[in-house]
Amino acid sequence: MVALNVGIVHYWLDHLYGTFMHRLRLAPPFFSRGWGGPKLELLEQLTRQLFAQGLAQAAVQRWPPPPIRPIWKTVWQSRTACLREGIFSTPCDQQLRDALPMECHTARVALLTPRYNPLHENACVVHLAGTGDHGFERRLRLGGPLLKDGIATMVLESPFYGQRRPRLQHGAKLLCVSDLLLLGRITIEESRALLYWMEKEVGFNKLGVCGLSMGGVHAAMVGSLHPTPLAILPLLAPHSAAVAFCEGILKYGTAWDALMQDEVCTSEMTLEQVRERMRSVLSLTDVTQFPVPKNPSAVIFVAATDDGYIPRHSVLEFQRAWPGSEVRWVTGGHVSSFILHNREFQRAIKDAITRL
């Protein structure tokens, strides 16, 4: 009974946070400017072409990715560690670059490494951003303790976030549905380019990719498409963005009225039909349709027992699609697990790296 009550507390904490953040409309909701018009059409077309071609074949044909040349500056050094920040031009093709706001064209990264150990004797994990994760600090705190285990941390600032946030966007609330697809596509392209640079230019001996929530979806996509085994850590992540925006608490933070009034929708469409349209668009983010990674045993999902944002069935569907992967459960909801379970996330990262 006590365990049940604790679970209910965690679940309702998610709903309380969601009410404060989304239902009270203290800030603009997601997609307040609608679907995105021609940009959404372009992204749907490009993504469906990749699915039709076969994602595995498309990934091979696009490897190696366009080269990047990060420009670095040292932020600080201690006796044991060094933090550098870098920038590079996003390596996406011209069609995608034209669709991106200007603020997103320059990628920003932070690299936390041991000070004196040769980098080729260390592993490195790319940490991708969850919804609302601006800047580097939160993910550096997650990765920092892993330095003692020989695991460096590379943090990528997502397009549409932090210093890459478009001027008219409020916080993390993307203006159009097309922005969500574009954010994901560019994050994948930049992560693939970073992994290639880390392997060929730096020479890390093992590589991984992880992310919390939305970042976990992107991490799974990147890991799935990589030509060699990676450690892959989807943390508190659904198998598709459709789950988050159509089933979880984020559905209360979505501007359904604006989407209904968009010219893409006819005046006869009901709210449920608009939600079905959203499910159809976001089905393009369904990671269960991606190839099984090269080493599924190095895939560790960490999920919360009482997550109000990510339902349990989504995590289990994810695991079933990748036989040999592992699911670890932490006691808590989405919000409380972000705060309380860094050690479990760190343990999973270390374990996944050792399985390579």
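Student: How much space lies in the largest pocket, and what makes a set of points a pocket?

Tutor: About 1100 Å³ lies in the largest pocket. The search runs on a 1 Å grid over the protein atoms alone; a pocket is an open set of points with protein on both sides within 12 Å along at least five of seven lines, whereas a cavity holds points where a 1.4 Å probe fits but cannot get out. The volume is the space filled by probe spheres set on the points, which are joined across faces, edges and corners.

Student: Which residues are closest to the centre of the largest pocket?

Tutor: Gly130, Thr131, Leu180, Met214 and His218, out of 50 lining residues. A lining residue has an atom within 4 Å of a point. Elements that give two or more residues to this lining include helix H1 (2-23), helix H2 (38-53), helix H6 (177-202) and helix H7 (214-225). H6 gives the largest share, 7 residues.

Student: Which class leads that lining, and what makes a residue nonpolar?

Tutor: There are 32 nonpolar, 12 polar and 6 charged residues. Ala, Val, Leu, Ile, Met, Phe, Trp, Tyr, Cys and Pro count as nonpolar; Asp, Glu, Lys and Arg as charged; the others, Gly among them, as polar.

Student: What is known of the model and its rules?

Tutor: It is a predicted model: local features need pLDDT of at least 70 and side-chain atom pairs pLDDT 80 or more, while totals for chains, interfaces and linings use all residues. Residues are numbered from 1 along each chain as its sequence is written, and side-chain values use heavy atoms, without hydrogens or water.

Student: Why is Ala172 called buried?

Tutor: Its relative accessible area is 13%. Buried means under 20%, exposed over 50%, partly exposed in between, with a 1.4 Å probe and protein chains only. So Ala172 is buried. Ala172 sits in the loop between strand S5 (151-157) and H6. Beyond its neighbours within four places in sequence, Ala172 is in contact (heavy atoms within 4.5 Å) with Phe30, Gly132, His134 and Tyr161.

Student: Why is the pair of Phe30 and Phe245 called edge-to-face?

Tutor: Rings of Phe, Tyr and Trp (its six-membered ring) pair if their centres lie within 6.5 Å; planes under 30 degrees apart are stacked, over 60 edge-to-face, the rest tilted. The count is 9 aromatic pairs by this rule. The centres of Phe30 and Phe245 are 5.4 Å apart and their planes are at 85°, so the pair is edge-to-face. Phe30 is in the loop between H1 and H2 and Phe245 in helix H8, so the pair ties together parts 215 residues apart in sequence. Phe30 is buried at 3% relative accessible area, and Phe245 at 5%.

Student: What makes the pair of Phe31 and Phe245 tilted?

Tutor: Their centres are 5.3 Å apart and their planes are at 45°, so the pair is tilted. Ring pairs link Phe30, Phe31 and Phe245 into a cluster.

Terms used:
Helices (H or I, at least four residues) and strands (E, at least two) are DSSP runs, numbered from the N terminus.
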